[in-house]
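Reader: Please walk me through how to read the contacts, cavities and backbone of a model. Keep it brisk.

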Amino acid sequence: MTASVVTRDEAPAENLQQTAAVPRPSSAVVVRSAYKQYGQTAILKDLNLTIPTGKIYGLLGPSGCGKTTLLSCIVGRLHLDSGEIKLKGKHISDIGYMPQELALHNELSIKETFTYYGYIFNLSNDVIETRGRELKELLKLPSYSLSLNEISGGQQRRVSLAVAMLHDPKLLILDEPTVGLDPLISQSIWELLLDLTSNGGKTVIITTHYIEEAKQSQMIGLMRKGTLLSEATPTELLTSCNCSYLEEAFLKICQNHVAKTNSFKIPVKQPTRRFSYARDLPPPPLLNNTLFTFGRFKAQVCKNIYLLRRNIPFTLFVIFLPLIQTVLFNIACGHDPKHLTLGILNDEPVSQTGMCSLMQTKNCFLDGGVPVSCLVLERLKEKTFELVEYSNSEDGQYAVSENKVWGFLHFSKNFSSNLATRFNEGGDITDNNIFDMGSIQAWIDNTNKYMYDMIKRDIFDSYTDVIDSLFNKCNISERIGNTPIRILDPVYGNKNPSFIHYASPAIIALCAFYLPAIYTGSTIISEKEGGVIERVVLSGMNFIEIALAQVLMQTIFIFIQTTLVMIVMFVIFDNPFVGDIFPSFLLLTMIGCGGMCFGFFTAIICRTTTEAAFLGIGTNFLLKFLCGLMWPTEGIHYLLRSISIYLPLTMSTESLRSLTAKGLGLQHPSVYLGFMSIFSWILVFTLVSFVMLKLKRDVWTKS
Ligand SMILES: Nc1ncnc2c1ncn2[C@@H]1O[C@H](COP(=O)(O)OP(=O)(O)OP(=O)(O)O)[C@@H](O)[C@H]1O
């Protein structure tokens, strides 16, 4: 008897109409009127398909016809734009999905991979061990202890197949499981699948490029350009097309389809809805798990530990990076530059050596005969300036312009005597030359503000030191020569404030925020890029479990890092710390948690590590500029300042400064506002992440 194959083009319109109503599936999978497009291109076009229970269904079709897209919609990885998919199974554990790409952690060993997925499916250690051994035998896997990095591509694919079969699902969905495999191993896989369907009552959907091997399926669906051309048993296909090979039969059906579509356009039913928000889309075939389970949390924690153990140098680097940064910061920043070159022209008739020391100066300089210029130069040398003599002022100024020296000082011929006259005669002086000749003329390179300020400060300090000592030798109070302003003991901080004292809370806060952000963001995004997160989410893992496992590990990291940073900053390098340890530690830990939440947020909104890197670098600069880390916020334009105050590190850094350098308590507004600010950001990042997860169903889909 000749079986007739119902091709989709030939099916009467009423039949198609009837099939559009989704039956209660006694079949394993029923797809009706499926429509899916990427951008403006339709990939699945009004596709109908029925997969009987307990059979192998071979889905065949040329590359790009939409097979993977269809399977992705069936497992809930992608959503249809319209149409319906019904599965006989109800739970995620009823499906075992092997994606086309590996989507497993390359660093994990085969055993660790089995344990990870076994825990996700809530299997006991004994079951994982037994199932693992069986699958290792059946699929001829290499040694358990080898990591996926250390085995061949074909072996990796078999591990991936084993993972899909580990929890003994009722429905196996395999996207090209035999690609690139040795024909003997491919054949053994087919035999295994046949055994599973005939003796185990399982259903298998399999895509393959090798049409002839698909002859072993009990049902074949032929796809072309997003539609199903026919659905029949291999024998029915061969008989109806009067061919000996499936390849030939497929060719005939395709030619038939082309001829028909050329003669009249088959209208493609357009979807009625096409929205990108999850709530507007057809429901997924299986609902995602939203409840936390300890087993899956344990799976995620174990996987994190396995990965850390696999790469000990990287783990140590991550933990000790803040320590390294803090040590480098303390060694490299905030110290006055040494051995700067300064051009000198001293027209006073004095020797540069011998008689210049203040100790040897016996006379009162107001009586003349004391080489003040020489004494100032000696003082500058003590401050480590390297003096370069020039023979005229033009050469000296030119040397500054040529970057040969940082500045140039000119003492006029009668500098000391004119200076004495200034002090002796004061307001009676009428000759402006006395002022000019009694002053040090200085040209300084102003392109570097820090250098300029320091050189200027050192010149002023050298002069003031010398004059103070000279006044003492004249038995006149040194205060006569001082500016009439007295800066008394500092209210906070010490008498010699350093840039490092201002910057250290900012640097600690920045490290505390960004390192957890980078680590969290990069780990999740790299798993997303490799399709690993998608695979575990399709296996039942939910965001709460992923996030909590990450939080657990990161909190331990943050704890260790914060302790180390505080020891280095305040004990080893003795930066000012006058407050209580506990609130400072708590604040830094909260800043770390804020960074971690920012990392989650980044992982959700960015599809690739490149996008995340740009987001990280961009926000890092933004926070440095606007949060008072490099420059006090009081100097920011008032409009920007009103925004900057609400950024994550502005109030929290100020709070840390108040706690450590000023010793203020939690009841002080500048302290508690910092805690409130970072806490609010933790809430904002967490809430926005959850809302995005709820609204966008394809958050974990790799681009
Ligand atoms: N994320 C995506 N964005 C845009 N287009 C996509 C995306 N994924 C797939 N496509 C396109 O959809 C079409 C169907 O792809 P699909 O992977 O489903 O084909 P396939 O039949 O599985 O091919 P193959 O056998 O080579 O795996 C292709 O033209 C592909 O370029």
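**Salt bridges**

Author: E654 forms a salt bridge with R657, with 3.0 Å between the closest N and O atoms. This is a predicted model, where local features need pLDDT of at least 70, side-chain atom pairs count only at pLDDT 80 or more, and totals for chains, interfaces and linings use all residues. Residues are numbered from 1 along each chain as its sequence is written, and side-chain values use heavy atoms, with hydrogens and water left out.

Reader: What counts as a salt bridge?

Author: A side-chain nitrogen of Lys or Arg must lie within 4 Å of a carboxyl oxygen of Asp or Glu. The structure holds 19 salt bridges.

Reader: Where do E654 and R657 lie?

Author: Both sit in helix α22 (residues 650-662). They are three residues apart, about one turn of the helix. Helices (H or I, at least four residues) and strands (E, at least two) are DSSP runs, numbered from the N terminus.

Reader: Is R657 buried or exposed?

Author: Buried means under 20% relative accessible area, exposed over 50%, and partly exposed in between (1.4 Å probe, protein chains only). R657 is buried, at 11%. E654 is partly exposed, at 32%. Elsewhere, salt bridges that share partners join R77, E101 and E534 into one network.

Reader: What does K381 pair with?

Author: K381 meets E378 in a salt bridge of 3.6 Å, N to O. Both belong to helix α11 (residues 372-382), three residues apart. K381 is partly exposed at 37% relative accessibility. E378 is partly exposed as well, at 25%.

Reader: Which residue forms a salt bridge with D465?

Author: R379 does, and the closest N and O atoms are 2.8 Å apart. D465 lies in helix α15 (residues 449-473) and R379 in helix α11, so the pair ties together parts that are 86 residues apart in sequence. D465 has a relative accessible area of 29%, which makes D465 partly exposed. R379 counts as partly exposed too, at 21%.

**Cavities**

Reader: How is a cavity found?

Author: The search uses a 1 Å grid over the protein atoms alone. A cavity is a set of points where a 1.4 Å probe fits but cannot get out. Lining residues have an atom within 4 Å of a point. Grid points are joined across faces, edges and corners, and a volume is the space filled by probe spheres set on the points. Here the whole structure has five cavities of 30 Å³ or more.

Reader: What lines the largest cavity?

Author: The lining has 14 residues, and I95, G96, Y97, L538 and S539 lie nearest the centre of the cavity. The elements that give two or more residues are β5 (95-98), α5 (153-165) and α17 (532-538). β5 gives the most, with three residues. The space in this largest cavity is about 130 Å³.

Reader: How many of its lining residues are nonpolar?

Author: Ala, Val, Leu, Ile, Met, Phe, Trp, Tyr, Cys and Pro count as nonpolar, Asp, Glu, Lys and Arg as charged, and the others, Gly among them, as polar. The largest cavity has ten nonpolar, three polar and one charged residues in its lining.

Reader: How is the second largest cavity lined?

Author: Its lining includes P322, I508, C511 and L588. At least two residues each come from α16 (499-529), α18 (543-572) and α19 (581-605). The largest share, five residues, is from α16. By class, the lining has nine nonpolar, three polar and no charged residues. The volume is about 100 Å³.

**Ligand**

Reader: Which residues come nearest the ligand?

Author: A residue is near a molecule if one of its heavy atoms lies within 4 Å of it. There are 13 residues around the ligand, and S63, G64, T68, T69 and Q100 come nearest.

Reader: Which side chain has an N or O atom 2.5 Å from an oxygen atom of the ligand?

Author: That of S63 does. T69 also has a polar side-chain atom 2.5 Å from a ligand oxygen. For G66, a polar backbone atom lies 3.0 Å from an oxygen atom of the ligand.

**Backbone**

Reader: What is the phi of S33?

Author: Phi is near 50°, a positive value in a residue other than glycine. S33 lies in strand β1 (residues 29-38). S33 is buried, at 13% relative accessibility. D168 also has a positive phi, near 55°. D168 sits in the loop between α5 and β6 (171-175), and is partly exposed at 39%.

Conventions
On a 1 Å grid over the protein atoms alone, a cavity is a set of points where a 1.4 Å probe fits but cannot get out, and a pocket is an open set with protein on both sides within 12 Å along at least five of seven lines; lining residues have an atom within 4 Å of a point. A polar contact is a pair of N or O atoms within 3.5 Å; within protein, one must be able to donate a hydrogen and the other to accept it, and residues adjacent in sequence count only if both atoms are side-chain atoms.
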